[in-house]
Amino acid sequence: MSVNAVPPIRYSLDVIQDEARELVQKGVVSRQQPIYTLCQYIPAREWVCIECELENADFLLRDRIADLIGREEWDND
């Protein structure tokens with residue numbers, strides 16, 4: 001009997017940063033909150049993959065979201 005398992009989704013750092021940036025722009029999270037705050041908005045089964053990608057990029061879950069998304073660029077001043 002074979003089981004068709006769904007392979008885990010692979011998140012790139014760019015995708016994680018875009019998701020975090022979108023949550024900040026919507027006002028759902030603050031740039032000053034720790035990165036682990038994002039786990040509330042990402043399904044648990046996907047969070048494990050995100051944690052690994054963040055770790056590979058030398059981010060700690062206690063780092064600020066601002067550190068993850070970098071500086072913001074404004075189109076008009």
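R21 is partly exposed, because its relative accessible area is 25%; partly exposed covers the range between buried, under 20% relative accessible area, and exposed, over 50%, worked out with a 1.4 Å probe and protein chains only. Before we go on, keep in mind that this is a predicted model, where local features need pLDDT of at least 70 and side-chain atom pairs count only at pLDDT 80 or more, while totals for chains, interfaces and linings use all residues. Residues are numbered from 1 along each chain as its sequence is written, and side-chain values use heavy atoms, leaving out hydrogens and water.

Back to R21, which has a partner: its side chain meets that of D18 in a salt bridge, at 3.0 Å from N to O. To count as a salt bridge, a side-chain nitrogen of Lys or Arg has to be within 4 Å of a carboxyl oxygen of Asp or Glu. D18 and R21 both sit in helix α1, three residues apart, which is about one turn of the helix. (A helix here is a DSSP run of H or I with at least four residues, numbered from the N terminus.) D18 is partly exposed too, with a relative accessible area of 45%.

How many salt bridges does this rule give? The count comes to three. Another one pairs E22 with K26, whose closest N and O atoms are 3.1 Å apart. Here E22 is partly exposed at 39% relative accessible area, whereas K26 reaches 57% and so counts as exposed. Then there's the bridge between the side chains of D67 and R64, at 3.6 Å from N to O. D67 has 41% relative accessibility and R64 has 34%, so D67 is partly exposed and R64 is partly exposed.

Now for some buried residues. Take Y36: it is eleven residues from W47 in sequence, and their C-alpha atoms are 9.7 Å apart in space.

Our last stop is T37, in the loop between α1 (13-25) and α2 (44-56). With a relative accessibility of 6%, T37 counts as buried. A polar atom of the T37 side chain lies 2.9 Å from the backbone oxygen of P34.

Notes. Helix = DSSP H or I, 4+ residues; strand = E, 2+ residues; numbered from the N terminus. Polar contact = N/O pair within 3.5 Å; in protein donor to acceptor, adjacent residues only side chain to side chain.
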